[in-house]
Amino acid sequence: MENLLRPLIVVGGSVVLTLLIGWATDLLLRKADARHGETPLWGLLRRGRIPYQLVLCAALLRGSYDQARLLEEHRVGIGRTLTLVLIGAAAWLVIRIAAAVVETSYSRYARVHRDAARVRRVRTQVSLIMRVVAAVVGVVAVAAMLLTFPAMRAAGASLLASAGVLGIVAGVAAQSTLSNMFAGLQIAFGDMVRIGDTVVVDGEWGTVEEITLTFLTVRTWDERRITMPVSYFTSKPFENWSRGTPQMTGIVYWHVDHTAPVEAMREKLRDILRECPAWDGRACGLNVTDTTPNTMQVRALVTAKDADDIWTVRVTVREQMIRWLAQEHPYALPRVNTADAAPAPGRIPGPSPSPDGAARRVHEPPRTIR
């Protein structure tokens, strides 16, 4: 009877005690979260209740298993298994706690600072720091698990003797990976590109969606994802439209006839922008920037608060100005005028033969091809 009750009490008591402690801890975290609504820390810490209970259960079972006298012939294997579970659960719990603390700090920073560029920079740094912390904790946990095996401890001494050679070989083999990792850290703390920035890379315009230690994901305007190594952004030039402030100036070009009413186009541009919600009201202007034998080039400058709005303003201005010219000033659209060339000096004007033998008078009015 004692052989049956002893393991039942030890194992069952460990499980019940784990559930009670876990429930009490979760209750305290819920109350703290309700009392301190200004900080999300207590609510985020509740995400670690599963690894917390695993740590408690594995620790209680590991400490009391010898008194259970259950499966004594497998005592070493079961004890080592519980140790491995304890190490893994502890690493999982540390990562969850670190994530809660880092996310709380970021939320507090984002709530206090109104500068979107600085907030995006801190968000990028926080994301990469969390990945580094998770990687370091994972490596330490795996190393601790391996050291629980006596054979691994014996092999460790011989491995340390050749650590220098192995380090050189690994560095050469993983040269691109290491360069990407260092580039990721350089991006995080060098403030070259941040999550949420609008960039142009290889002719593709999009928004930085994710940054890791090895790759960066850009979401394009048509919902495609471009994944690039982070070393690209440290070795090649690229456009960052969100660097500094997100405000932008856009350009709209038209090719119109020389008789186009430029002053009326300026007034129409102001009317279009007043009715366009995407225009930020900072500046606008319209000027003739170039001419050709048949047309002149008119350029409009408009402003908006970011890249998305500047696109909306440009297409709105371009479309409505063309529609207005076609309806109110059709003569201002590009035309090609054809007429007889002016006679040479000293030559008496008269009919000029045409290819079909008919005579064409010089004073014949020119034709207009639209």
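The following exercises, each with a worked solution, concern the predicted model of one protein chain.

Residues are numbered from 1 along each chain as its sequence is written, and side-chain values use heavy atoms, with hydrogens and water left out. In this predicted model, local features need pLDDT of at least 70 and side-chain atom pairs count only at pLDDT 80 or more, while totals for chains, interfaces and linings use all residues.

**Exercise 1. The chain as a whole**

Task: state how many helices and strands the protein chain has, and what share of its residues is buried.

Solution. Step one is the secondary structure: the chain has eleven helices and twelve strands. Helices (H or I, at least four residues) and strands (E, at least two) are DSSP runs, numbered from the N terminus.

Step two is burial. Of the 370 residues, 30% count as buried. Buried means under 20% relative accessible area, exposed over 50%, and partly exposed in between (1.4 Å probe, protein chains only).

Step three is the surface. The accessible surface comes to about 22600 Å², and 62% of it belongs to carbon and sulfur atoms. These areas come from the Shrake-Rupley method with a 1.4 Å probe; for residues, only the protein chains shown count as cover.

Step four is contact range, where contact means heavy atoms within 4.5 Å. Among contacts between residues at least 6 apart in sequence, 66% join residues at least 24 apart.

**Exercise 2. The three-stranded sheet**

Task: give the strand order of the open sheet of three strands and name the helices that lie across β6, β7 and β8.

Solution. First, the order is β6-β8-β7, with antiparallel pairing. Two strands pair if DSSP finds at least two bridges between them. The edges are held by β6 (248-256) and β7 (279-291); each has a single partner strand, so one side of each is left without a neighbour in the sheet. Neighbouring strands of this sheet are turned by 20 degrees against each other on average, direction ignored.

Second, consider β7 and β8 (residues 296-304). Eight bridges join these antiparallel strands, and G285 stands opposite L301 in β8. The two strands form a hairpin with four residues between them.

Helix α10 (residues 262-274) lies across β6, β7 and β8 and runs at about 155 degrees to β7. Helix α11 (residues 307-328) also lies across β6, β7 and β8, running at about 20 degrees to β6. For these angles, axes are lines fitted to C-alpha atoms, for helices over the stretch in contact, and the values run from 0 to 180 degrees between N-to-C directions.

**Exercise 3. The five-stranded sheet**

Task: trace the open sheet of five strands and decide which residues on the two faces of β1 are buried.

Solution. Start with the order, which is β4-β3-β2-β1-β5 with antiparallel pairing. At the edges stand β4 (225-229) and β5 (239-240), each with a single partner strand, so one side of each lacks a neighbour in the sheet.

Next, follow the pairs. Strand β3 (residues 215-220) pairs with β4 over five antiparallel bridges, and F215 has P229 in β4 as its bridge partner. Four antiparallel bridges link β1 to β2 (residues 204-211), with T198 facing T207 in β2 as its bridge partner. A hairpin with two residues between the strands is formed by β1 and β2, and D202 in its turn has a positive phi of about 55 degrees. Two bridges join β1 to β5 in the antiparallel sense, where V199 stands opposite N240.

Last, examine the faces of β1. In a regular strand the side chains alternate between the two faces of the sheet. In β1 (residues 198-201), both faces are covered: T198 and V200 are buried on one side, V199 and V201 on the other.
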